[in-house]
Structures are given as C-alpha cells and as structure tokens.
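This briefing concerns strand pairing and salt bridges. Please consult the sequence and the model as the points are read.

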Amino acid sequence: MKQKMKAIPKVELHLHLDGSISMEVASRLSSQSEEEVLSQMVASEKCENLSEYLTRFDFPISLMQSSDHLYEIAKSLVHHLYMENVIYAEVRFAPMFHREQGLSFEEIVEAVLRGLHSNSKVRVNLILCMMRGASRDDNLKTLEVASQFLNRGVCAIDLAGDEARFPLANYVELFEIAREKGIPFTIHAGENGPASEILKAIEIGASRIGHGISAVESKSLRDIIKKQDVLLELCPTSNVQTNAVSCYQEHPIALFYQEEVPISINTDNSTVSNVTISDEYFKLYETFGFSLLDYQKMNENALCHAFLSQKEKVELLDVLREKMKKLS
C-alpha cells in the first residue's frame, strides 16, 4: 500500500522552501555530515509549541544566502517533487530572509524561480511570504516584488509566522494593497491561533487558509468556509509536531472531509517535519482509512483552488484523472 501511495498523482499547495532542503544538499552546501545537518534541521516529533518548531529554520536559512545556493536548493526540491509523483506544486518562502550577502529581493526571487522551473515534468509556482513581526517596509517590498513577478512564476502572496504573537488585525493594510495590485493570497491562520483568526482571514479576502485547524472549534465557521468555498491547506504531521493537535488520531482532517469542507493535503516542511507527501498519504490511510477516491477528491479540490488560470486547472485535472484511472 505504501508504494500505491507514492504512485498517486499529487497536488501540494503548502510547502515551504526553507523547511524542505534535502539532507544531501544541506550537507554539501554546509560541508557538514548529514547527521550534523539532521540535528539542526529536523524538529522533534513533539515540540512544545510552534515557536520551538520555528527554531529549525535558522540553519537552513543560513544556507540560502547566495543565488547559486538558492538555485540548487529549489532545483533539488523540484526533483524531490517529481520523485513523489507531484504534478503541481506551489512552493513558498520569504525573500526578506535571504539578503545577508547583499542580494536584492529581485535577485532572490529570480534564483529560486530558475531552480523551480528546472524540471519541465513538474509544474511549480511560487508564493512569496510576508512575515508576522517583520517590518512594514520588508512586507511592502515583498508585495512589490510579487506584483513585479506575478504570472511570471509568482502566483500569490502569504502571511506566515507566529499568529499567537502577531495577530492578523495588524496586517490588514497589506492585503488591501494586494487586492489593489490584483495579487491573490492565502493566509496562515488557525494554526496556533483561535478560530477568529480564520474568520478574519476570510473577511480580508483569503481564498485559502494555511492550516486552519482551529476551525474545528466552530461549526458556524466551517459553514462559512464551505459557503465561501475557502480551501484549508492541511498539514497533519506538522500540526502534531507544533502541538496544535495532541496526536495524529486527533487531527480534524477526517471531520473536515466528512463535512465537505474543502481541504488539501500538504507536508508544510518536508525536511523539518521529516515527512514526504507520500508518507503523509500513508499515515492518513492508516489512521483514517482514506481511499484512492478520497485522495482524488482532495487533489481535485486542491487544483480547483490553485492559483492558476482556468485553462491550466482544466489541463491538470485531466492529467490527474487520467493517472488515477491507471491506479484503480
């Protein structure tokens, strides 16, 4: 069954570049052993909270300060996605974290896009992350660069970071500007914050929510999510690690699916969480008994909510359905 999980054509919409650097590449770029790299990059299976989990990004970000390194890391990730049978992915990162050697925002984004577009067998777009706790100028610059590269590899923006310390209400202006510029957006909300953060994100205009697991607290909120057709980008293993849920069996993904809340399956950070997308599918199969048809429905949901043109969505839906036919 594990091999069958790998054979499923997949769509991954919530994947952080800095949290998904392969051990081999990190070892080579840092001149450290894979064991040393692992101890700095992989979070424990149960962190105290999201803040502890986020400390695992310091080391990978230190490796992502030159155009060559950014290109190599992005190229390696696309190869990994290809090996996992991912047919479409949206990779995200915050350009503001990669300027220690003097790179401009534009140079940073260009290097990552070159790497992401190095394998024509996987379609990949880039989401640029604004950050909670960052300066207004850095977040505005992220918006400006997203606008500059929109439909040239960049498909959307996001707001990431610790929502418990930096509530969404502080960042409403940024999304007003995004709407004026015509930039689509997803927002991290309801990961380690209350359900009200998800509602706020929807009110602001987010068409997708990163994580959104605190929607389990409110049936009325789930009804709003369904009515407005907002997709929850779920990352079960990550949610267990950050202590957002107590254990895998308690994750609300099955409840959301049964209630027909739009959801997609994602790894969040494949290296920090030490999980491939195929591993995630297998864990969900073992825990909740999801079938091939369930996975197909979730991936179709993901494509329908992807930051793509309607033409591209139709093309990829055809690819997905054709590949799924061969598995059944």
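Are E90 and R208 buried or exposed? In this predicted model, both E90 and R208 are buried. Their side chains form a salt bridge, with N and O 2.8 Å apart. E90 belongs to strand 2 and R208 to strand 6 (residues 208-211), so the contact ties together parts that are 118 residues apart in sequence.

**Salt bridges**

- The model contains 20 salt bridges.
- R92 and D158 form a salt bridge in which the closest N and O atoms are 2.9 Å apart. Because R92 lies in strand 2 and D158 in strand 4, this pair ties together parts that are 66 residues apart in sequence. R92 and D158 are both buried.
- A network of salt bridges links E90, R92, D158, R208 and E233.
- E300 and R321 meet through their side chains in a salt bridge (2.9 Å, N to O). E300 is in helix 15 (residues 292-304) and R321 in helix 16 (residues 310-327), so the pair ties together parts that are 21 residues apart in sequence.
- E300 counts as buried at 17% relative accessibility, whereas R321, at 36%, counts as partly exposed.

**Strand pairing**

- Strand 2 (residues 86-93) pairs with strand 3 in the parallel sense over 6 bridges, and A89 stands opposite V124 in strand 3. The chain passes from strand 2 to strand 3 through helix 7 (residues 105-116) in a right-handed β-α-β crossover.
- Strand 3 also pairs in the parallel sense with strand 4 (residues 154-160), over 6 bridges. Here I127 stands opposite A156 in strand 4.
- A right-handed β-α-β unit is made by strand 3, helix 8 (residues 136-149) and strand 4.
- In strand 3 (residues 123-131), 8 of the 9 residues are buried.

Note on methods. Residues numbered from 1 in each chain as written. Predicted model: local features only at pLDDT ≥ 70, side-chain atom pairs only at ≥ 80, totals over all residues. Heavy atoms only, no water. Buried < 20%, exposed > 50% of the residue type's maximum accessible area, 1.4 Å probe, protein only. Helix = DSSP H or I, 4+ residues; strand = E, 2+ residues; numbered from the N terminus. Pairing = 2+ DSSP bridges. Right-handed = clockwise from strand over helix to strand, strands pointing away. Salt bridge = Lys/Arg side-chain N within 4 Å of Asp/Glu carboxyl O.
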